[in-house]
Amino acid sequence: MHNNRAMRQRCAPTRVALPLCHFIVNNYTVTKLQPPWLPRKRASPMASHVIREVQRIYNAIYDAIVEQRLPPGTRLTELNLVEVFQANRNHIRSALRDLAHLKLVRLEMNRGAFVEEPTPQQAREVFAARRVIEKALIEEACKRMQALDRRAIEAHLKSELALGHEPAKPEFIRLSGDFHRLLARIAGNSTLGEMLEGLIARSSLIIALYENHSGIQCSHNEHEALATALLDGNVQQATRCMEEHLLNIEQRLRLAPPESEEVDLFKVFARPSSG
């Protein structure tokens with residue numbers, strides 16, 4: 001009997017705390033999430049030099065794209081990247097291929113690599129997919145919420161508030177996405193979490209490409225309302241807040257094609273008057 005109980009204890013699932021790292025912004029310590037499904041690559045201590053180099057380059061470009069330091073359409077010239085990273089050209093190419101797989105980089109024959117430029121239709125599809133996935137994750141997060149998770153949510157909201165409302169800051173952009181990553185981690189579905197991470201990265205590109213001049217990163221107030229419903233255990237309100245939050249971001253994008261004006265050919269080719 002004792003052996004059976006010991007076996008059940010060994011086999012029981014455990015909650016693993018999310019790895020965290022910290023950095024200082026305006027004298028505040030800001031928590032940065034590092035979920036296990038984050039597509040930033042981690043080199044094991046036993047990894048070869050080639051693998052570590054590719055991962056170093058991949059991570060640096062990935063972060064620059066997600067934090068909107070590399071605008072959509074930027075040409076990623078191999079020769080320049082070799083110089084910037086002091087790296088082998090083959091390592092640069094491997095990193096770019098991996099980023100292209102995530103749809104963050106576009107590889108064009110005989111032209112090279114460019115930061116991806118999602119179309120308006122792709123932008124709508126990304127946010128539609130996020131609404132489906134994140135509503136499901138919210139429901140699971142409500143069921144699995146523990147004291148450790150509550151403290152993590154509260155600490156994250158304080159970190160957002162400490163950064164202020166400056167959506168152009170790379171730290172603000174990263175932290176906005178980290179709120180959604182945190183909720184996915186609490187939900188405990190690593191498959192959906194991995195899918196969501198790719199969508200969050202693509203959302204950053206979409207916002208950089210189609211944002212209006214006032215800036216449209218995630219709103220701290222909307223995060224706070226969502227967190228309040230979640231911590232209260234109000235599943236319906238929490239899923240409604242998540243859907244409205246993602247819709248608000250999408251609606252603030254300029255996804256409508258510009259109105260085409262008919263070109264007056266007579267004006268274009270009119271000869272200047274001699275008088």
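**Aromatic pair and selected residues in a predicted model**

Tyrosine 62 is buried, at a relative accessible area of 1%, where buried means under 20% relative accessible area, exposed over 50% and partly exposed in between (1.4 Å probe, protein chains only). The model is predicted, so local features need pLDDT of at least 70 and side-chain atom pairs count only at pLDDT 80 or more, while totals for chains, interfaces and linings use all residues. Residues are numbered from 1 along each chain as its sequence is written, and side-chain values use heavy atoms, with hydrogens and water left out.

Rings of Phe, Tyr and Trp (its six-membered ring) pair if their centres lie within 6.5 Å; planes under 30 degrees apart count as stacked, over 60 as edge-to-face and the rest as tilted. The count by this rule is 1 aromatic pair. Tyrosine 58 and tyrosine 62 form this pair, which is stacked, with 6.0 Å centre to centre and 15° between the planes. Both tyrosines belong to helix H2 (residues 49-66) and stand 4 residues apart, about one turn of the helix. Helices (H or I, at least four residues) and strands (E, at least two) are DSSP runs, numbered from the N terminus. Tyrosine 58 is also buried, because its relative accessibility is 3%.

Glutamate 116 lies in the loop between strand E5 (112-115) and helix H5 (120-144). Its relative accessible area is 17%, so glutamate 116 counts as buried. Leaving aside residues up to four places away in sequence, glutamate 116 has contacts (heavy atoms within 4.5 Å) with Pro72, Gly73, Lys103, Leu104, Val105, Arg106 and Leu205.

Leucine 79, in helix H3 (residues 78-85), is exposed, because its relative accessible area is 54%. Between leucine 79 and isoleucine 92 there are 13 residues of sequence separation and 9.3 Å in space, C-alpha to C-alpha.
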